[in-house]
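Me: I'm new to this one. Can you walk me through it in short steps?

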Amino acid sequence: MSGSDTVRPGGFHLYSINNNGTYDRTFTHDTNGFIRKICPGTDSTYLISGGFSEYDGQPGNKIVKIDCYGNLLSGQTPFANNSYAPWVSCADPDGKVMVVGILILNGYPNDAVSIVRLNSDLSLDTTFNFLNFHYAYNIEGMSNFLRLDDGYIISGAFDTFFGVERHNIARITLDGDIVMDEFNHSGFDHHPHPGIAPYTNNVQRLKDYVYVSGFFDGYNGHHVSPVVRFKIVY
């Protein structure tokens, strides 16, 4: 968890909770800016993202990797200082990390992008075509990533996905190319309350199926419940 309290007032703190629900006062770690998201990584690690440049007084540029005790493992990322508070969307089984935000990369000063993939040491994964994802105004709505064997499903609140018409759900390959022949219909197209745009807020996998939930009651023009199941096709 992150925040502040009467014991450690002010600042931006991390907290650990014991198994009995009490506050672990031996866990005392801080950043110098707000924390946007904490995501489990691989091998008992955690990824912390937000608007900070230091972790426990050490360089930690927007994203850091820590162990389960809060010790810093890596904090050197490819983000320039004017990147805006990225957030980690998911960690891959091989330790790579999908990141979303308004991202200015070192070496690419004229290319603000919205989606990148980092290697397990938080360096830029150049095998992912991040230049396909120039900054999109609606990137805040593209927050839910699910890793599949051959790519990712992205769900959220959007009606275009980097120039391609998609309604709250899209699929990309592991290389970062948009899959053009999937989710290319009207998608999640109706909200139960008039005047409110539909959106999805969770995507999970169970065996050979993907489950998507959110605030909608229509898909491709058909009435559906707010949980929809898709068969994974390779």
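Reply: Let's start with a term. A polar contact is a pair of N or O atoms within 3.5 Å; within protein, one must be able to donate a hydrogen and the other to accept it. Keep in mind that this is a predicted model.

Me: OK. How far is the backbone nitrogen of Ile104 from a polar atom of the Ser83 side chain?
Reply: The distance is 2.8 Å. That falls within the 3.5 Å cut-off for a polar contact.

Me: Where does Ser83 sit?
Reply: Ser83 is in the loop between strand 9 (72-74) and strand 10.

Me: Is Ser83 buried or exposed?
Reply: Ser83 is buried, because its relative accessible area is 6% and buried means under 20%.

Me: Which residues does Ser83 touch, leaving out those up to four places away in sequence?
Reply: Lys62, Ile102, Leu103 and Ile104.

Me: And what about Tyr84, where is that?
Reply: Tyr84 lies in strand 10, which covers residues 84-91. Tyr84 is partly exposed, at 43% relative accessible area. Together with Phe12 and Phe34, Tyr84 makes a nonpolar surface patch of about 280 Å².

Me: New topic. How many salt bridges are there?
Reply: The count comes to six, taking a side-chain nitrogen of Lys or Arg within 4 Å of a carboxyl oxygen of Asp or Glu.

Me: Which residue does Arg205 pair with?
Reply: Arg205 forms a salt bridge with Asp149, and their closest N and O atoms are 3.7 Å apart. Arg205 lies in strand 19 (residues 199-206) and Asp149 in the loop between strand 13 (144-148) and strand 14 (151-155), so the pair ties together parts 56 residues apart in sequence.

Me: How accessible are Arg205 and Asp149?
Reply: Arg205 is partly exposed at 30%. Asp149 is exposed at 53%.

Me: What does Asp150 meet in a salt bridge?
Reply: The side chain of Asp150 meets that of Arg171, at 2.9 Å from N to O. Asp150 is in the loop between strand 13 and strand 14, and Arg171 is in strand 17 (residues 169-173), so this pair ties together parts 21 residues apart in sequence.

Me: Is Arg171 buried or exposed?
Reply: Arg171 is buried, with a relative accessible area of 5%. Asp150 is partly exposed at 33%.

Me: What does Arg171 form with Glu182?
Reply: A salt bridge, with the closest N and O atoms 3.0 Å apart. Glu182 is in the loop between strand 17 and strand 18, eleven residues from Arg171. At 22% relative accessibility, Glu182 counts as partly exposed.

Me: Which residues are linked in a network of salt bridges?
Reply: Lys96, Arg117 and Asp125 are linked that way.

Me: Now the strands. How do strand 4 and strand 5 pair?
Reply: Strand 4 (residues 35-40) and strand 5 (residues 45-50) pair in the antiparallel sense, over five bridges. Lys37 stands opposite Ser49 in strand 5.

Me: How many residues lie between strand 4 and strand 5?
Reply: Four, and the two strands form a hairpin. In the turn, Asp43 has a positive phi of about 55 degrees.

Me: Last one. In what order do the three strands of the open sheet come?
Reply: The order is 18-21-22, with antiparallel pairing. Strand 18 (188-190) and strand 22 (222-223) are the edge strands, each pairing on one side only. Two bridges join strand 18 to strand 21 (residues 218-219). His190 has Gly218 as its bridge partner in strand 21.

Methods
Residues are numbered from 1 along each chain as its sequence is written. This is a predicted model: local features need pLDDT of at least 70, side-chain atom pairs count only at pLDDT 80 or more; totals for chains, interfaces and linings use all residues. Side-chain values use heavy atoms; hydrogens and water are left out. Two strands pair if DSSP finds at least two bridges between them. Patches are made of residues with over 30% relative accessible area and no salt bridge: like charges are joined within 9 Å, nonpolar side chains (Val, Leu, Ile, Met, Phe, Trp, Tyr) within 5 Å. Accessible areas come from the Shrake-Rupley method with a 1.4 Å probe; for residues, only the protein chains shown count as cover. Buried means under 20% relative accessible area, exposed over 50%, partly exposed in between (1.4 Å probe, protein chains only). Contact means heavy atoms within 4.5 Å.
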